[in-house]
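Hi there,

Here is the structure I promised to pass on. My notes on it follow below.

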Amino acid sequence: MSDIYFNPSHPGIAYGDGELLGPGEKGQFVKLVDNDTFQVVSDAADVPVGIIYHLDKMPLLTPADTERNKVAIFLDGGVYETDNITGTISADDDLSFDPTAGNIKVAGETETVVGKALAIEGSLVKFKLAL
């Protein structure tokens, strides 16, 4: 994955005592899979609990599906900006997660809402986290 821009403008609560199972990048949504163990969302039915802020891994190494790395995630609100999006987003759109990439997209009618788009500037989306 290329270098993703993810800026916690006014962050919510950061949880830094977990491990990420398998690969992941900042700005991707994660689900809880075990005690203090998270994984990037991979299905539309997944329940996201937060968004990756920092992953403690070697920068040029992609972890295998069974490897674990220390991860810090943001949850419980906050305002963030990122270019880690799928599709076109407009201000005031309800946001969901792309189950194939774990990034942000416009929420469909039956999809879990994870945030609200506040502003768009070029390829950057500023959003309020609803988790």
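Buried means under 20% relative accessible area, exposed over 50%, and partly exposed in between (1.4 Å probe, protein chains only). This is a predicted model: local features need pLDDT of at least 70, side-chain atom pairs count only at pLDDT 80 or more, and totals for chains, interfaces and linings use all residues. Residues are numbered from 1 along each chain as its sequence is written, and side-chain values use heavy atoms, with hydrogens and water left out.

Let me begin with the salt bridges (a side-chain nitrogen of Lys or Arg within 4 Å of a carboxyl oxygen of Asp or Glu). The structure has six. One of them joins the side chains of K31 and D46, at 3.1 Å from N to O. K31 sits in strand 2 (residues 29-34) and D46 in the loop between strand 3 (37-40) and strand 4 (48-56), 15 residues apart; strands are DSSP runs of E, at least two residues, numbered from the N terminus. D46 is buried at 13% relative accessibility, and K31 is buried too, at 14%.

R68 and E19 also pair up, at 3.5 Å. R68 belongs to strand 5 (residues 68-82) and E19 to strand 1 (residues 6-21), so this bridge ties together parts 49 residues apart in sequence. R68 is partly exposed at 41%, as is E19 at 29%.

Finally, have a look at S96 in strand 6 (residues 94-97). S96 is buried, with a relative accessible area of 2%, and its side chain reaches the backbone oxygen of T112 at 2.7 Å.

Best wishes

Definitions and conventions
Helices (H or I, at least four residues) and strands (E, at least two) are DSSP runs, numbered from the N terminus. A polar contact is a pair of N or O atoms within 3.5 Å; within protein, one must be able to donate a hydrogen and the other to accept it, and residues adjacent in sequence count only if both atoms are side-chain atoms.
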